[in-house]
Amino acid sequence: MAPIPTSTAGPVDDHRIPVQDAVMAAAAGERSVVEGDGLFALKNSTSVVTGGARGIGLTLAAALVEAGSHVVCLDLLDEPSSEPDWLMFKARAKELGLTARYVQADITDALQINTVVSEIADEAASLGRPLNTMLHAAGVQKPGTVFDCDPAHFDWVMRVNVTGTFIVTQAAARAMRKHKSGGSIILIASMSGYISNRGLYCTAYNSSKAAVHQLCRSTAVELAEHNVRVNTISPGYVNTKMVEQLLQKEPALLGQWTNDNPMHRIGEPSEFKGAAVFLASGASSFMTGADLRMDGGHCAW
Ligand SMILES: NC(=O)c1ccc[n+]([C@@H]2O[C@H](COP(=O)([O-])OP(=O)(O)OC[C@H]3O[C@@H](n4cnc5c(N)ncnc54)[C@H](O)[C@@H]3O)[C@@H](O)[C@H]2O)c1
């Protein structure tokens with residue numbers, strides 16, 4: 001029987017979507033799932049990770065290094081985490097013969113982010129390891145009720161979490177189109193883009209994360225013809241500084257949150273490493289405009 005064609009687009013169709021050889025090979029099952037240069041490998045590529053100074057961003061930066069990618073972490077903080085995490089990340093990259101560096105940058109500053117990402121992509125392309133992954137984890141959370149949330153506070157959360165996400169996506173898309181490298185843009189959204197958190201009033205944050213889900217779908221459609229995929233990961237509660245700061249103000253929330261999911265615990269940043277590598281690699285070659293909700297079953301309950 002003749003093979004079923006995988007595309008209806010012919011050679012004379014201007015709308016034909018280019019597909020990287022590597023991705024084609026992955027889709028054809030020519031790469032092993034487990035070997036070093038297999039389906040999940042990110043060899044000869046560069047990744048940029050925003051929010052990469054600490055927390056989920058830094059942990060996922062380590063995952064990308066372990067999969068073989070050179071990584072540049074961007075964050076607003078002057079320096080990355082003073083905890084051992086950053087030093088361990090650098091040491092792991094060195095051990096694997098990869099580069100890992102830090103650049104201080106504000107994701108709400110479009111000029112700065114476009115300049116930084118474009119310089120990273122130009123250098124990466126010249127070294128034969130193109131910018132193929134943008135993992136965007138920078139974000140802010142500040143609770144506030146309908147009655148007392150200052151509109152300026154609402155604007156700030158939307159500016160960082162929505163406009164900042166757009167700026168980062170735009171900069172990555174421009175660089176990937178310029179170098180014709182294709183790529184994967186991974187946006188860290190939240191289960192709070194679907195639900196309202198029990199015990200924590202944060203309309204601004206929840207609205208911003210719902211907007212990230214839609215930003216993903218819209219940009220994914222637009223960028224498919226440039227071989228750039230866009231997907232989100234939506235974590236439930238995760239043990240990071242963001243959550244620690246909320247719990248310092250209201251310690252009782254931990255009991256609420258752990259009992260809000262059937263696993264009766266909150267997550268650890270390392271539990272998202274597999275998802276990040278899956279979305280960055282050829283293993284997810286037919287996935288775009290989609291969300292991976294990883295919340296310990298919170299939204300299923
Ligand atoms: N921790 C959770 O429970 C949880 C749950 C769902 C989603 N998330 C999302 O995961 C992402 C990472 O959060 P985290 O939990 O690791 O928190 P975190 O506070 O430890 O990390 C967020 C990082 O973003 C950086 N950042 C903030 N504003 C920035 C800006 N304007 N420019 C550049 N960097 C900026 C911060 O400096 C910080 O390093 C966020 O988008 C957050 O909304 C977290």
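Helices are DSSP runs of H or I with at least four residues, strands are E runs of at least two, and both are numbered from the N terminus. With that settled, I looked up histidine 264, which sits in the loop between helix 8 (253-258) and helix 9.

I kept in mind that this is a predicted model, where local features need pLDDT of at least 70, side-chain atom pairs count only at pLDDT 80 or more, and totals for chains, interfaces and linings use all residues. Residues are numbered from 1 along each chain as its sequence is written.

Histidine 264 has a positive phi of about 55 degrees, though it is not a glycine. I find it exposed (12 or fewer other C-beta atoms within 10 Å of its own, C-beta atoms being placed from the backbone), because it has 11 such neighbours. Asparagine 44, also not a glycine, has a positive phi of about 55 degrees. I located asparagine 44 in the loop between helix 1 (21-27) and strand 1 (46-50).

**Ligand shell.** I found 29 residues around the ligand, counting a residue if its C-beta atom, placed from the backbone, lies within 6 Å. Gly51, Gly55, Gly139, Thr240 and Met242 are the closest. Helix 2 (55-66), helix 5 (151-178) and helix 7 (241-249) each supply at least two shell residues.

**Helix 2 and helix 9.** I checked the axes (lines fitted to C-alpha atoms over the stretch in contact, with angles from 0 to 180 degrees between N-to-C directions). Those of helix 2 and helix 9 (residues 273-280) come within 9 Å and cross at roughly 55 degrees.

Conventions. Buried ≥ 20, exposed ≤ 12 C-beta atoms within 10 Å, placed from the backbone.
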